[in-house]
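Visitor: I have a structure open and would like to learn how to read it. Could you walk me through it?

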2 protein chains.
Amino acid sequence: MSALSHSFALARDPLEGVRGLPLGDDDAREVWARVAWNLLTEPGDGSAGRLIAEVGAPDGLEIAVGGRPAPAHLAEDIARARERWMPRWRPEGARDACAAAVRAGVQLVVPGDASWPASVDDLQGHRPVCLWVRGNARLLQPSSGAVALVGARAATSYGEHVAGELAAELCRTGATIVSGAAYGIDGAAHRAALAAGGTTIAFLAGGADRAYPAGHSRLIDRIAATGVVVSETPSGAAPTKWRFLQRNRLIAALSDATVVVEAGWRSGSLNTAGHAAALGRPLGAVPGPITSTASAGCHRLMREYDARCITSSDDVRELAGWGDSALFPDPMDDRTDRTTRVIDALSVRTEKDLAQIARSSGLAPAEVEVELGLLALAGGVEQGSRGWRRVVSRAR
Amino acid sequence: MSALSHSFALARDPLEGVRGLPLGDDDAREVWARVAWNLLTEPGDGSAGRLIAEVGAPDGLEIAVGGRPAPAHLAEDIARARERWMPRWRPEGARDACAAAVRAGVQLVVPGDASWPASVDDLQGHRPVCLWVRGNARLLQPSSGAVALVGARAATSYGEHVAGELAAELCRTGATIVSGAAYGIDGAAHRAALAAGGTTIAFLAGGADRAYPAGHSRLIDRIAATGVVVSETPSGAAPTKWRFLQRNRLIAALSDATVVVEAGWRSGSLNTAGHAAALGRPLGAVPGPITSTASAGCHRLMREYDARCITSSDDVRELAGWGDSALFPDPMDDRTDRTTRVIDALSVRTEKDLAQIARSSGLAPAEVEVELGLLALAGGVEQGSRGWRRVVSRAR
């Protein structure tokens, strides 16, 4: 108890600094407890998640450091968890972390804040205890939807081109581009979003002030200037393998859909795809030449995990469920016109041959042929002895 | 009646010529009636198909030319159909067609023949009344399966390369390559099959002796020399639009699976895909760069018509249902090994971190990471507070 009071007293001022506003006592204790939890645990710690969900962060912390018994049904789990938590406990830890964050220009966002992204709450017991943020934290709640564009570091120029095009076009309709600031696809997506004047969010595996990869420190600074750079780990934290894997779950959770642009057969971006699928978020993959190993993971996602085949920003919007055609007019509208003209030229009873249909629809026979093929595919027309007729009910 | 007897008498000798063997009277009448039907009708004539299915070709022909009344329930349909059939009726037609075929080295195959491909009977009322064949007619019954490789005439070098690779690899395991002898994808598939010493079948829209396109006459001759060139239309017949569309149904029907290698957004090969789907035959499409208009139709088939994403000849074999792994060992077997090693390193109860799993499995952490991502995707592992654990029942 006194250790906790001591820790809280130490952190009081730096807490207000990292929050950028005066804090009431209850708020301060809540935020302080979350910082302390953040220091005790690795991202996605389910034992901490369950305890905090049950008794709240401050009381949970008291249980964690041994000042109070755990609820009976959690006791065994907490006893085991304390073995990994306690070696990290330092009363001055929260103070130091907040002070370091303030120095690095990093803010702290916790559940309940206006900026807290409700979408990551879908991670339930594995949601982060807090987020460390550089840039405009309000952008963590994308007003017009967010899409994760991720992929291989060892991307090809095709992949980087496609990532850039998709990012730019999605930004043009107000969408936010979420990625991981890595070389290759991630970088291309962020850069194109910035160039299009759009909003982009970079999730880092290490501290928000610790640019990784170092070669992207300028890019990450530019993202922080107009968008937001986010991490689940405190300032200065190293980007470990585990943190990369856990970072991927945040990218998937914050986004309405995840699209893998290029990925090798064993690419790490398949991990992000796995998180998206586990969260029930729509998953897409961009096809590429089957002769390119950089697309093998994408084709694998399509074949084995039912990822949707993504060929345009419209496909991404459809994937994400942003189906408002008034907002996003379909550029293929002429397709509908032709189909309609062919359907109009058909009868349900009398079969018509290609020449007749071409005449009535005012289309070239070759055009009619294609439309008929597609309509047949959809079960909308049937060919008989003398030509084509419309099928009213879709029997197939 | 006498008109028919006259027609039959005229055709008697040329019929034996085109069949290459002496014919009994019943056989001769059956074959002669089918040739006569072939001349009266366009491919896929449903009225003719129904009548022949009900009363047989010779009696049906008698009804068609007015020597006998139609069955009451077909009378109305046949009366309408006769309006298009009778203008084509010539007593000497069958004789001339058979004589022309003999001169052109074209044989005649009819239902019931040992060479008749049972697979086209799935077309039911729209199955061809006969097939005109150059080459080895016995190859119409592929012993180790047949795959249609079709696609755009305006193919890219990528598409032609892939068509060639797939054709050659499929031939190596004994499969027959079916296509339409067109420029682009079709030609590349046929050529690679020939080069691999495999069997290939070309379906033409015009007569089997009428090379179309003319620029492929040498290729078509080479196909006839070791494989088989087939048409539903008699020698010398012109390849009309309608006949192309109907020819496509034969390609789809004869093949265990249809794979579209490259196709524009409105490509005619989507018609073949439509036939395959309508027949319940598996449909595949090869992805390509989304920046290539030549792959747009393939991506469309994947997105809108659930065509399977094809990246290798193994994928084609799987698509066609030739799943015998003993015959076709999985070249990705090392994948299973790695996955097994990672699974072995995991426990159902105790979570293990990446370093532990890497140590126990003897794999590099980066390799473990990828396998864990894929296992998570499949619901086989779960990440908790301290690492990964195995999931026994697939809850998802």
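Visitor: How many helices and strands are there in chain A?

Guide: This is a predicted model, in which local features need pLDDT of at least 70 and side-chain atom pairs count only at pLDDT 80 or more, while totals for chains, interfaces and linings use all residues. Residues are numbered from 1 along each chain as its sequence is written, with chains lettered from A and ligands numbered from 1 in the order in which they are written. Helices (H or I, at least four residues) and strands (E, at least two) are DSSP runs, numbered from the N terminus. Chain A has 16 helices and eleven strands.

Visitor: What percentage of the residues of chain A count as buried?

Guide: A residue is buried if 20 or more other C-beta atoms, placed from the backbone, lie within 10 Å of its own; it is exposed if 12 or fewer do, and partly exposed in between. In chain A, 55% of the 396 residues count as buried.

Visitor: Which residues of helix H9 of chain A are buried?

Guide: In H9 (residues 217–226) of chain A, they are A:Leu219, A:Ile220, A:Ile223 and A:Ala224. They lie on the same side of H9(A), because they cover an arc of only 140° around the axis. That arc is taken from the directions from the helix axis to the C-beta atoms. The buried residues of H9(A) pack against strands S2 (131–135), S5 (199–204) and S6 (228–231) and helix H8 (185–195) of chain A; two residues are in contact if their C-beta atoms, placed from the backbone, lie within 7 Å.

Visitor: Where is there a cis peptide bond in chain A?

Guide: Here is the general idea: most peptide bonds are trans, and most residues other than glycine have a negative phi. In chain A, a cis bond with omega of about 0° joins A:Tyr212 and A:Pro213, and A:Pro213 is in the loop between S5 and H9.

Visitor: Which alanine has a positive phi, and is that residue buried or exposed?

Guide: A:Ala181 has a phi near 65°. A:Ala181 sits in the loop between strand S4 (176–179) and H8 of chain A and counts as buried, because it has 24 C-beta neighbours inside 10 Å.
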